[in-house]
Amino acid sequence: MPELKDILYKVSLTSTYGDMNVDVKGVCSDSRKAAAGTLFVAVKGTLSDGHDYISKAVDLGATAVVCEKLPEAINDKVVYVTVKNSAQALGIIAANFFGNPSEKMKLTGVTGTNGKTTTATLLYQLFTKLGYVVGLISTVENRIADKVIPSTHTTPDPIQLNELLKKMVDAGCAYVFMEVSSHAVDQDRIAGLKFIGAIFTNITHDHLDYHKTFENYIKAKKKYFDELPSEAFAIVNADDKRGMVMLQNTKATKYTFGLKKMVDFKGKIITNSIEGLEVEIAGKNVWFKMIGDFNAYNLLGVYGAAVLLGQDSDEVLTQLSTLQGAPGRFELVLPGSKVIAIVDYAHTPDALQNVLDTIAQFRTGNEQVITVVGCGGNRDKTKRPLMASIACRLSDKVILTSDNPRDEDPIEIIKEMQTGVMPSEARKTLVIADREEAIKTACMMAKERDIVLIAGKGHEDYQEIKGVKHPFDDRKVVERMLNLFSN
Ligand SMILES: CC(=O)N[C@H]1[C@@H](OP(=O)(O)OP(=O)(O)OC[C@H]2O[C@@H](n3ccc(=O)[nH]c3=O)[C@H](O)[C@@H]2O)O[C@H](CO)[C@@H](O)[C@@H]1O[C@H](C)C(=O)N[C@@H](C)C(=O)N[C@H](CCC(=O)O)C(=O)O
Ligand SMILES: Nc1ncnc2c1ncn2[C@@H]1O[C@H](COP(=O)(O)OP(=O)(O)OP(=O)(O)O)[C@@H](O)[C@H]1O
Ligand SMILES: N[C@H](CCC[C@H](N)C(=O)O)C(=O)O
Ligand SMILES: [Mg+2]
């Protein structure tokens, strides 16, 4: 069992009280999980402050406490350690407690507003095909080789994260690909991890509820690159306005990918159709099963990272051309049906615009595009009118509905969306708060060859209302409707 002094290795301490050789049976940052012999790390959160729960953790048996400020009531059977930043300390402590698993693998992180899950999943699938034992940490699911572990966050908290990485080491994972959310960077969930590579996809409007300003959001993404070690590589989308900003202060070796500029990993789209993409990369024309310009960027980021991780360029392109990408991302439901139904996780204005632009490239103009879209509750409100506006501009009919209302009133969310609908567009919008009814209505309205886009929830198999996740899957509702048509 590790001793306290060992798991505090590399943590910058401001003071210590008690025996640093005490054994530590476990680490927790939630007092409700404290047990005999554990170390409790008090972290200031967005809703409450872990410092208020120190005595609760001690009552449940915690024998050591890491905090920024000592509590008034000191228990002389407990060891107290103060630090300047306990969120950061928690990351380093969790890594030490689980034996610094990230140092025993090649860990690559993906950050950006859109495309993280797609990029990380493609890398996981690619390296598996190349014959390696691979780990994946993503919004949709975590994977240790082919074993699926459900995911609760895009990037888990430091304790779960390091425990998962340790299991990956134990299972022999040589490469691990993980999504790094801006929340995770800001909350130091990744402190203490050793990355060999980092990929930046893009940055657009999202999460301003949390970061408050776009500048802060950019800073959170940049902090990830600023803290990379010199042995790592950093590869960014140079066509994104903020791509080069990410590289400004990094010690890592810098690389770029893109379609428009002079870059290290360049692509040129030759064909873009509902069947897939043909892209010229490294002097070769390669067909991919992924659809849409934005996926050309994801594929180039994946290709660049794979080559930087030492893989053979031709072999990478051959394997990459066979891959399907992540579930619920531009997923065609029952392909070959009379109605083209697409389920996509577009839950930001930029993603919605990209998906509808992609659809616009395929359509003949004789069919209708019917979009069903909602915006999540307890999330960035500024995106609501923008998403409704984009949906109206690029669709023939729009049904505004709900998407994980959480603690908010779905009707109020829809009202905020409606402020983005121009009076001239109002006649093509319907409001149907019940998502199942909304999807059914869209399918009923659709005629042969019409395109129905169901945006926002992708792979999600629930609708979250007031803290309860009710089973709900866009794809299943659409499938039921399409099957009814064919009978
Ligand atoms: C806004 C946010 O990111 N919140 C995360 C944060 O919680 P918090 O700051 O609200 O914590 P808090 O409730 O204020 O508590 C502060 C501290 O007191 C402790 N506490 C609290 C109560 C108690 O009785 N005892 C106790 O010890 C808590 O364990 C915590 O350490 O830290 C928690 C532990 O790591 C996370 O589970 C929680 O994620 C919430 C559930 C969440 O919904 N997060 C989303 C927004 C998120 O992180 N999303 C990103 C993806 C976004 C994207 O890019 O699309 C993600 O990486 O998943
Ligand atoms: N490179 C990209 N640029 C812009 N939009 C993209 C890109 N890749 C995917 N998208 C769109 O964004 C949606 C979300 O993609 P993905 O799940 O890969 O992103 P993410 O960054 O993991 O999102 P989240 O932060 O919610 O986990 C997709 O369904 C698609 O509509
Ligand atoms: N990772 C994103 C996912 C949003 C998905 C959308 N369906 C919603 O619930 O808003 C978030 O938690 O903000
Ligand atoms: Mg994701």
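**Labels and their grounds**

Modeller: Go ahead. Keep in mind that this is a predicted model.

Colleague: Why is K221 called buried?

Modeller: K221 has 25 C-beta neighbours inside 10 Å. The cut-off for buried is 20 or more. K221 therefore counts as buried.

Colleague: Where does K221 sit, and what does it touch?

Modeller: K221 is in helix α8, residues 214-226. Setting aside neighbours within four places in sequence, K221 is in contact with T111, S182, V185, F200, I203 and M246.

Colleague: What makes those residues contacts of K221?

Modeller: The criterion is C-beta atoms within 7 Å. T111 and M246 are among the residues in contact with K221.

Colleague: Which annotation covers K221?

Modeller: UniProt, in an unreviewed entry, gives "modified residue: N6-carboxylysine" for K221. Such annotations may be inferred rather than shown by experiment.

Colleague: Why is ligand 2 said to lie between domain 2 and domain 3?

Modeller: Domain 2 (100-321) and domain 3 (331-486) both give residues to the shell around ligand 2, so it lies between them.

Colleague: Which residues come nearest to ligand 2, and which helices supply its shell?

Modeller: The shell around ligand 2 has 24 residues, and G115, K116, T117, T118 and A351 come nearest. Helices α4 (116-129), α10 and α12 (349-362) each supply at least two residues. The largest share, four residues, is from α12.

Colleague: How does the shell around ligand 2 divide by class?

Modeller: Seven residues are nonpolar, 12 polar and five charged. Gly counts as polar in this scheme. G115, one of the nearest residues, is therefore classed as polar.

Colleague: And which residues come nearest to ligand 1?

Modeller: Of the 20 residues around ligand 1, those are D30, G45, H153, D157 and S181. Helix α6 (residues 182-186) gives the largest share of this shell, three residues. By class, the shell around ligand 1 has five nonpolar, 12 polar and three charged residues.

Colleague: Which domains supply the shell around ligand 1?

Modeller: Domain 1 (4-97) and domain 2 (100-321) each supply at least three residues.

Colleague: What makes I93 and A234 stand out in the largest nonpolar core?

Modeller: They touch the most other members of this core, which has 150 residues. Helix α10 (residues 293-308) gives the most to this core, with 10 residues.

Colleague: Which residues does I93 touch?

Modeller: Not counting residues up to four places away in sequence, I93 touches I7, L8, V11, V27, V41 and V66.

Note on methods. Residues are numbered from 1 along each chain as its sequence is written. Chains are lettered from A and ligands numbered from 1 in the order in which they are written. This is a predicted model: local features need pLDDT of at least 70, side-chain atom pairs count only at pLDDT 80 or more; totals for chains, interfaces and linings use all residues. A nonpolar core is a set of buried Ala, Val, Leu, Ile, Met, Phe, Trp, Tyr and Cys residues joined through C-beta atoms within 7 Å. A residue is buried if 20 or more other C-beta atoms lie within 10 Å of its own, exposed if 12 or fewer, and partly exposed in between; C-beta atoms are placed from the backbone. Two residues are in contact if their C-beta atoms, placed from the backbone, lie within 7 Å. A residue is near a molecule or strand if its C-beta atom, placed from the backbone, lies within 6 Å of it. Domain bounds come from an automatic or database domain assignment.
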